[in-house]
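Visitor: I would like to go through this model by asking about its confidence, its helix contacts and its sheets.

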Amino acid sequence: MKTTLIAAVFSVVALLSSCGGKADKTGDSIPGDTLTSRAELLTLIERDGYVAAIVADPWNPGKRLASYALVPRGSDVPAEIPEGFQIVEVPLQRSVVYSSTNTAALAELGVLDAVAAVADGNYYTPADTVARLIASGHITDIGNSMSPKLETLIEVSPDAILSSPYENAGHGVLDALKVPVIECADYMESTPLGRAEWILFLGHLYGKAAPAGEIYSRVVSDYSSLTVSVALYATRQPKVLTETLTSGVWYVPGGKSYMARMLADAGADYPWSDDSSSGSLQLDAAAVIDKASDADIWIMRISGTPTYESLRDSSPLYSGIKAYADGEIYNCDPSASTFFSDIAFHPERILRDYVAIFHPEAGSGLEPIYYHKLKR
């Protein structure tokens, strides 16, 4: 195993160290300095007088989902902007943001004052800054992201809307506003560092390109360091099971998914690593037990404080899992942590937890932040 891991680390380091640009994934060629290198769905190109931002269609390879020309606010619009590019004046001043992961990044960039409204405001925890800004009236809640309140959106009068695209879904009431809809397809990226690179897009949208670049550089450095530590110092490769049954279905990450990649980077033996799915697999309990009953470690995300007894009561099959018998179960309470707001732009923080749990011998005394071991 050590030989395999050491061999793998050199390929990982080569990938993480890559600083060259990449071509637009739609196959079109636009001259200029390419600012992104790891994101598969985002290409940022520095042009004379603006930044071209191209979002590839996750569901139709080789096609564009959207193209934007980010033009400095108040300046003349360059004449050479290619056809089909939507002009967006930056920095944004009164934006509507649909995703809490994006508002977390904007808070880190110090530009929440440019967020006039959010969707699904009821999902923000009381400790979140956005929740407090909603309560104080500084940020408006436009309601459910799937059916936002048009009247409220009109009152907000946004200069752009940052939305999460879905396959075969239009913009609905958003089209009536006649403002740019920024397709934030970061959640469809298949690698942690590819998704985290979307903070560069946010930086250019909100006039914080330099700070965003500094944040991303630190993320890459810290993520790389953890991966190298695992490859060089890990003495085992534990078999890791994730999640639990939900209404009779056990959702586990597909072998080509974002989470599967992170588990691999953390040095885990993931039972579905050979699967070719990029999304979640929907399995029944028998299928999971058959493939992962010998799991050394079991990580899950359940709100509250689950116990071994509550797990056994919810499904007697759980007690047949090796990690249950060995007392190696770790839970992340998403209602009491920033797991979901951190995972997009700070995957190194999640990876840190995994390394601390899977490879304490390689973690130099790291302690998990999001996951906590269940008490017996």
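The questions and answers below take up these topics in turn.

Visitor: What is the average pLDDT of the protein chain?
Guide: This is a predicted model, and confidence is given for each residue. At least 70 is the score of 92% of the residues. The chain average is a pLDDT of 91.

Visitor: Are helices H7 and H13 roughly parallel or oblique to each other?
Guide: H7 spans residues 209-233 and H13 spans residues 347-358. Their axes come within 9 Å and cross at roughly 20°. Angles under 35 degrees count as roughly parallel. H7 and H13 are therefore roughly parallel.

Visitor: Is the crossing of H7 and H13 left-handed or right-handed, and which residues of H13 take part in the contact?
Guide: The crossing is left-handed. From H7, the contact involves Val219, Asp222, Tyr223, Leu226, Thr227 and Val230. The residues they meet in H13 are Pro347, Glu348, Leu351, Arg352 and Val355.

Visitor: How many charged residues are in the contact of H7 with H13?
Guide: The contact residues divide by class, with seven nonpolar and one polar. The charged residues number three.

Visitor: Are H8 and H13 roughly parallel or oblique to each other?
Guide: Helix H8 covers residues 258-265, and its axis comes within 9 Å of that of H13. The two axes cross at roughly 50°, in a right-handed crossing. An angle from 65 to 115 degrees would count as roughly perpendicular and one under 35 as roughly parallel. H8 and H13 are therefore oblique.

Visitor: How many nonpolar residues are in the contact of H8 with H13?
Guide: H8 contributes Tyr258, Met259, Met262, Leu263 and Asp265, and H13 contributes Pro347, Ile350, Leu351, Tyr354 and Phe358. One of the contact residues is charged and no polar residue is present. The nonpolar residues number nine.

Visitor: Which residue in E10 is the bridge partner of Ser163?
Guide: Strand E9, residues 160-163, pairs with E10 in the parallel sense over three bridges. The partner of Ser163 in E10 is Glu183.

Visitor: Where is Lys178, and what is its phi?
Guide: Lys178 lies in the loop between E9 and E10. Its phi is positive although the residue is not glycine. The value is near 60°.

Visitor: Which residue in E14 does Val252 stand opposite?
Guide: Strand E13, residues 249-253, pairs with E14 over four bridges in the antiparallel sense. In this pairing Tyr251 stands opposite Gln282 in E14. Val252 stands opposite Leu281.

Visitor: What is the phi of Ser247 in the turn between E12 and E13?
Guide: E12 and E13 run antiparallel and are joined by two bridges. Leu245 has Trp250 in E13 as its bridge partner. The two strands form a hairpin with two residues between them. Ser247 in the turn has a positive phi of about 55°.

Visitor: Is the peptide bond from Val90 to Pro91 cis or trans?
Guide: Pro91 is in the loop between strand E5 (86-90) and strand E6 (95-97). Omega for the bond from Val90 to Pro91 is near 0°. The bond is cis.

Definitions and conventions:
Residues are numbered from 1 along each chain as its sequence is written. This is a predicted model: local features need pLDDT of at least 70, side-chain atom pairs count only at pLDDT 80 or more; totals for chains, interfaces and linings use all residues. Side-chain values use heavy atoms; hydrogens and water are left out. pLDDT is the predictor's confidence in each residue, from 0 to 100. Axes are lines fitted to C-alpha atoms, for helices over the stretch in contact, and angles run from 0 to 180 degrees between N-to-C directions. Angles under 35 degrees count as roughly parallel, over 145 as roughly antiparallel, 65 to 115 as roughly perpendicular and the rest as oblique. A crossing is left-handed if the near helix is turned anticlockwise from the far one by less than a right angle, and right-handed if clockwise. Contact means heavy atoms within 4.5 Å. Ala, Val, Leu, Ile, Met, Phe, Trp, Tyr, Cys and Pro count as nonpolar, Asp, Glu, Lys and Arg as charged, and the others, Gly among them, as polar. Two strands pair if DSSP finds at least two bridges between them.
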